[in-house]
Every structure is written in C-alpha cells, then in structure tokens.
Amino acid sequence: MRIRQVIPILFLPTLLCVAAHAQAPAQKPAAKSTTPPSTQTPAQEAIPSPVSRHYPILIVAHGNEPSWSLRLGMKGPERLDRVGYPPIILDPADIVADQADPSGNSWTYNAKDDATGASVAVKLTREPCSDNMSDTKYTFRVEVDHAQIGQLKGCGQSEPEKFPEFRKKNQLDMPEDASDTTAKDKEKDKKLAVLDPITNSHPPLAVAYVDSAGRIIVARGNLHKTAGTGTEPALSHDGRFLLYTRSTSTTAPQRSIMLYEVDSGRSTQVAGNNVRQPFWSPDDAHFAYLKYDGKNWQVWTAPTNAPDKAMLFSPQYVDSLHGYVSPNTLLASDTQNAYFLSEDKPPQTIPLKDIYGETFQIMSSDTLRANPLNPDLLLVSAYYVNAPAGAPTDQVGLNETFFLYEIRSHRRTILGPPDTFARNAEWSRDGLQIFFTRGVPGKSTLSTDRIFWDTTGLKRYSSGYNLVIGK
C-alpha cells in the first residue's frame, strides 16, 4: 500500500502568517509620474519577519549527572526516564509562554506524575545547548522540575520520527482497528503507548519454588529436583546450592537451616537452635540468617565452606531479614524501622512509616528487596490498610500487593495488579522483572506470575509459589 507523507505542522501560527502574506491581493499599478526620477535610490521599508508564538513539540531532551531523558510529545511532556529506575508516565497539562522573555523563545510545560500525582514543570528555551559529554549541539535548553525527584537540567532537540503518535497522525503508520475496545482499555493503551517495549530482559536460568504439596523444587535448565519439605528457600547465584528452613521440633517452633546440594542431592544442617530467613552473599561465599538468643533476633553470617564458624554480624535487634544489598551490607527491619546493616559503619535507619505511607500497614511478614542494580529502589510486599474495591481478600478481609519505593526521593508507586492478591515479590537478576506469588492463601490456588518493573508484560510463569531466583 502506498503511504502518503505529510509534513509536520510544528509552528502553525508562523505558517498561517506566511500564507496570508503570500495570498494578499495585488495592488493596482501606480500612475506614471511626470517628475524626473531621483538620482538616489530610496531606502526600502523593512518588513519584519513573522515570529512564531506556538510552543515546540516532538522534542527529545536528556541530561547527565544523573543521567535522564524526557519525551515531549504533541500535547506536552509524556515520559521521564532515569537510569536505574522504571520510566515515569507524565500526564500533560497547560503550556505557558514565558512573559519575561520578549523574544518569545521560552515556554513552561506543566504535567503530573501519573503514578504519584506529583507536579512536574518542564521549561524549554530555544537557545544553543551542549551537554558537555559530546560534540552535539542542541537547539533547546531544558529544565525539568519534579516535585519529588527535584530539578534536572539538560538539552533537547526536535526528533519527530521518534514519536509514534506523530507518525500515526501523519499517516506514516496505519492505525489499528480499536472499535471493539472499551474506554478504560483505550485510556490504558494510551498511557502504555508512550513506553518502549523491554527487550533486554533475561529469563531466569535457575529458580526454586514451593509446589502444591509443600515440597521445595529446584529448576535449573531441564533439571528439576525435589530438595525436601520446608520453607524460606534461598538459591545460590550459580544455582548449585539451596538454603531452606525446616522444623526440628514437633512441640516447639524451633527451626534449623538446611543446605541442599543440587547435583548430589545431599542435604546438611548448617545452622540450628531456632534460626530462619537465610540469604546468600553476592559471591555465594557466605550466607546470612536470623538467630534467636532467647529474647531477640539478630543477624549472623557464616562461611559457606565452614558454617560452624558463624559470627554475629550486627548487635542490632531486628524482626526480619531481607537480604544482601552489597557484599558488606544487609537489609533488615523491625516493626518501626528498616536498617542497612554494615560491617564497617553504623546502621543506616529509615522509618518504615516513610516507606509505607498511609496506604499500607506494617507487618513482620512483609518483604523488602533492594533492586540488584540500584539499592535506592526497594520492592516492598505489604498489606493495604483498606483493601481496594473488588480486590480479593483473605480470611480477615485484607489484600496484599507490592510497590516500589525510592529512598532518596520518597516516591512510591504501586505495581501489583489491582484485581490480585499478590505477595512475596522478588527481583530478577537483571533488575527489570518481578516475580510474585498470586492467589489468596487458603482460599485459592497459588501460582507465580511475572511483570516488568514498568507494569507491562504481566503473564503466568509457574504453577509453584514463593519463587526465588538463583541466576
């Protein structure tokens, strides 16, 4: 089919002004003068060039330190990207020309953060700009002010070909038939249309999960092995070893930690005397866990090849352990605070009320997981204070989901599907995918779903639950 190209109308008032001037009626020829012509050539009257007052659109802007980019579409700002964080969808609002700029070369584009409602203002000034990282010369200077993230400065230029809505409007791409979609679906599709497909994610190569019979299964490639009956699985990064807890008493809540060798199928107890929540260090050379001293829980670590040489990692009393953030830092919590525990410096403390806000309630069963590539980004599984309308609930009327929390900016975004009971959310090793248990415990079948960190790509992954990833 032949595709008709249409020139983009980016500065409409300018084009109308030029067109009006070109179509003005011709003047009648002046009567011949009997006065001899002057020997001097009269100066021609200067005709001012029309100045466009229309705001620029279809701009791509970016900056460094920190690295970011922004897309400014046909109606205004539509997406903000930062390295190490999911993209932010923006809802465009009004556009205001800078009255203090007599040249008419500065505009402010207002918008809202679609996930949090925070105000966003983008100031665009038509002047030469350089990003100090390349020899590229840009047409616009750009300043982005996000109420939560802060100010970002950079440069931009017009790149119409990078905007699907422009291509569709100008018939460069044939639109799909959407006559059978609902208004709600259209609004969702409209927002998701500004997101680029995630193509650089990698599926897990080794996972462990709990099956419907309560057995822990290790899956590595085509190999599937049953490790035993237990809880709290933790798979090493190379997928060769599994840590899990099991009860050692029929009359008391005492538990031990077992080490399962996937290749040999051998299990060995590596920690006892009431312990729980094991996690592997990034290099698998150590593992951490909680140990009860009769009154309180504390974090201990042990060498993988010498578990009998376990040592107290931190004197801080905690209720839950959430894993390694770096080779020397562990994330733990009690009912009031989250703690970044380190071997060589005092704990960094963050009040849980800052993380949870007023939307979620704090429980010891919650999980917090730092993104493997960006420790500023936390993945939190928690219960709503008030279950969303229509959401499935457990026996006490609660609904659980998961959300992202940015420590520095305090930005909180809910990721769990609103019609789902979701818990135990875990990061993939590439930091782009989230695997979570779907289903209400005791009321429905449990399974594992996967979703990308930008809320796209939701799909069923496994019939097991409480899934953890090795590599």
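Start by selecting residues 241-247 and 255-261: these are strands E13 and E14, which pair in the antiparallel sense over seven bridges. Helices (H or I, at least four residues) and strands (E, at least two) are DSSP runs, numbered from the N terminus, and two strands pair if DSSP finds at least two bridges between them. Show side chains and you'll find Leu 243 with Leu 259 of E14 as its bridge partner.

Before moving on, a word on what you're looking at. This is a predicted model, where local features need pLDDT of at least 70 and side-chain atom pairs count only at pLDDT 80 or more, while totals for chains, interfaces and linings use all residues. Residues are numbered from 1 along each chain as its sequence is written, and side-chain values use heavy atoms, with hydrogens and water left out.

**Widen the view**

You have an open sheet of four strands in the order E12-E13-E14-E15, with antiparallel pairing. E12 (231-235) and E15 (267-271) are its edge strands, each pairing on one side only. On average, neighbouring strands of this sheet are turned by 30° against each other, direction ignored; the axes behind such angles are lines fitted to C-alpha atoms, for helices over the stretch in contact, and angles run from 0 to 180 degrees between N-to-C directions.

**Two hairpins in a row**

E16 (residues 275-280) and E17 (residues 286-292) run antiparallel and are joined by four bridges. Look for Trp 280, which stands opposite Phe 287 in E17. Five residues separate the two strands of this hairpin, and Asp 284 in the turn has a positive phi of about 65°.

Follow E17 onward to E18 (residues 297-303): this antiparallel pair has seven bridges. Lys 291 faces Gln 298 in E18. Here the hairpin has four residues between its strands, with Gly 294 in the turn at a positive phi of about 105°.

For a close-up, take E2 (residues 68-72) and E3 (residues 77-82), an antiparallel pair with five bridges; in it, Leu 70 stands opposite Leu 80.

What are the residues with the most contacts inside the largest nonpolar core? Select Trp 68, Leu 70, Leu 80, Leu 90, Val 122, Val 142 and Val 144; the core has 18 residues. A nonpolar core here is a set of buried Ala, Val, Leu, Ile, Met, Phe, Trp, Tyr and Cys residues joined through side-chain atoms within 4.5 Å. Buried means under 20% relative accessible area, exposed over 50% and partly exposed in between (1.4 Å probe, protein chains only). E1 (59-63), E2, E4 (88-97), E5 (106-113), E6 (119-129) and E7 (138-146) each supply at least two residues of this core. There is also a second, separate core of 17 residues, including Ile 355, Ala 370, Ala 382 and Tyr 384.

Centre on Leu 90. Contact means heavy atoms within 4.5 Å; leaving aside neighbours within four places in sequence, Leu 90 has contacts that include Leu 70, Leu 80, Ala 111 and Val 120.

Select Thr 437 in strand E30 (residues 433-438). Buried or exposed? Thr 437 counts as buried, because its relative accessibility is 0%. A polar atom of its side chain lies 2.9 Å from the backbone nitrogen of Asn 466. Beyond four places in sequence, its contacts include Phe 421, Leu 446, Ser 447 and Tyr 465.

Next is Ser 462, found in strand E32 (residues 459-462). With 13% relative accessibility, Ser 462 counts as buried. Its side chain reaches the backbone nitrogen of Gly 464 at 3.0 Å. Not counting residues up to four places away in sequence, Ser 462 touches Tyr 209, Ser 447 and Thr 448.

Finish on Pro 204, in the loop between helix H3 (183-192) and strand E9 (206-210). Pro 204 counts as buried, at 15% relative accessibility. With residues up to four places away left out, Pro 204 touches Phe 435, Tyr 461, Ile 469 and Lys 471.

**Zoom out**

The whole protein has four helices and 33 strands. Of its 471 residues, 45% count as buried.

Note on methods: Polar contact = N/O pair within 3.5 Å; in protein donor to acceptor, adjacent residues only side chain to side chain.
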